[in-house]
Amino acid sequence: MFSKLQYIFYKTGLLWMFVVLCHSSESSTERCVQGSNCRLPQCFCLNSSAPPNGFAAEDIPQIVVFAFDGSVNKASYVHYKHFFSKIYRNPNSCPIRATLFTKDRYTNHSMVRELYRHGLEIAGNSVTGKLPISFWREANREELLDEILKNRRQLSEKTGIPLKEIRGWRSPHIQPTGDIQFKILQQNGFEYDSSLYVQRRSLEDDITWPGTLQHGWPLSCETKPCPSSNYTLWEIPVIALLDHKLKYPCMTVGGCIVKPETESDAFQLLWRNFYNFYRSKKIPFIVNMKPGWLNTDYHYSALDRFILSLLDLNDVYIVTMHQLVQWMKNPTNLTAIHEFKPWKCPGALGAGVSVNLSVLVVLGVSVLGYICVAAWA
């Protein structure tokens, strides 16, 4: 017979055992093995350098995603209209797209509505984007709930974008908040996060495919805190670029210590990093930047030249992060990619668009000339 005190200790012990078992399951560090304990479309190992479905590199579309973060205002709107109108098109004749991680403060929501209407993806980036950066590292659950959910709600209410179509999140200043952040995202139906930084100090360093967090974050935690538990969210890491001299890593295009001083420097910053992905495993190449980088004339012309160079390659597709995740869930090779439904668009050229395309070769680089009527109609 248990005494009353023994009974209390017994019950308490069972409770603690239950808590420990649940926690260990949530935080399991079991190594992810693709095809064994991780299978598409629900799971893809984040530590994988091998492509989905065992595709050979020559059979994979090279995915490029332009990911901007910050407010949408008059200056940035002009940039987005120029680069992501219906002028520039992927090999399947659909317009190129981008993902805008949108901060609510100082944003013109009618401009956001127009950009969404033209196919750009709108994702979350907080209400305030407040400083210091340490706020995001140390934020509690209530503070982060307000920043994440209010941001998504206000973007939806003020623009008419369905709440379910605001699928992604990037922490301001690419400063994660660890498990608090990822629990909020998962519990509220977000599809993906793009806040975890992967450092590269050389173009020879390994790079990883995007993947899911079912087996935790398996890579080095460069910007703490990283998640320690497991989640079904997709993670699209922020992989460092190398500056145009290939000396130092850059978290974003505008974050290089050695800054480009000419249009040629800025182009090489983009092209050398892209080509490193393209010539090896064709892992998706994410161009992370703030729209303010384009306020410099030679940066603007360098991006134009870069996009035109990409579009001269018939296996490169410039899509949104959501479209990237859709491809990861259902990998489709180049021979079938024109029929891949998530990348299709209404009509071969879109309503009200007439395009005349000519190719000129200047200094060995193909330059595409466009005459477009009603491209932003």
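For the class tally I count Ala, Val, Leu, Ile, Met, Phe, Trp, Tyr, Cys and Pro as nonpolar, Asp, Glu, Lys and Arg as charged, and the others, Gly among them, as polar. This is a predicted model, where local features need pLDDT of at least 70, side-chain atom pairs count only at pLDDT 80 or more, and totals for chains, interfaces and linings use all residues. Residues are numbered from 1 along each chain as its sequence is written, and side-chain values use heavy atoms, with hydrogens and water left out.

**Cavity.** I searched the whole structure and got one cavity of 30 Å³ or more. Here a cavity is a set of points on a 1 Å grid over the protein atoms alone where a 1.4 Å probe fits but cannot get out, and lining residues have an atom within 4 Å of a point. Points are joined across faces, edges and corners, and the volume is the space filled by probe spheres set on them. The largest cavity comes to about 80 Å³. Its lining includes T208, F277 and L241. By class I get 10 nonpolar, one polar and no charged residues there.

**N92.** I found N92 in the loop between α2 (74–83) and β2 (99–102); helices (H or I, at least four residues) and strands (E, at least two) are DSSP runs, numbered from the N terminus. Buried or exposed? N92 counts as buried because its relative accessibility is 13%, and the cut-off for buried is under 20% (1.4 Å probe, protein chains only). A polar atom of the N92 side chain lies 3.0 Å from the backbone nitrogen of C94.

Terms used. On a 1 Å grid over the protein atoms alone, a cavity is a set of points where a 1.4 Å probe fits but cannot get out, and a pocket is an open set with protein on both sides within 12 Å along at least five of seven lines; lining residues have an atom within 4 Å of a point. Buried means under 20% relative accessible area, exposed over 50%, partly exposed in between (1.4 Å probe, protein chains only). A polar contact is a pair of N or O atoms within 3.5 Å; within protein, one must be able to donate a hydrogen and the other to accept it, and residues adjacent in sequence count only if both atoms are side-chain atoms.
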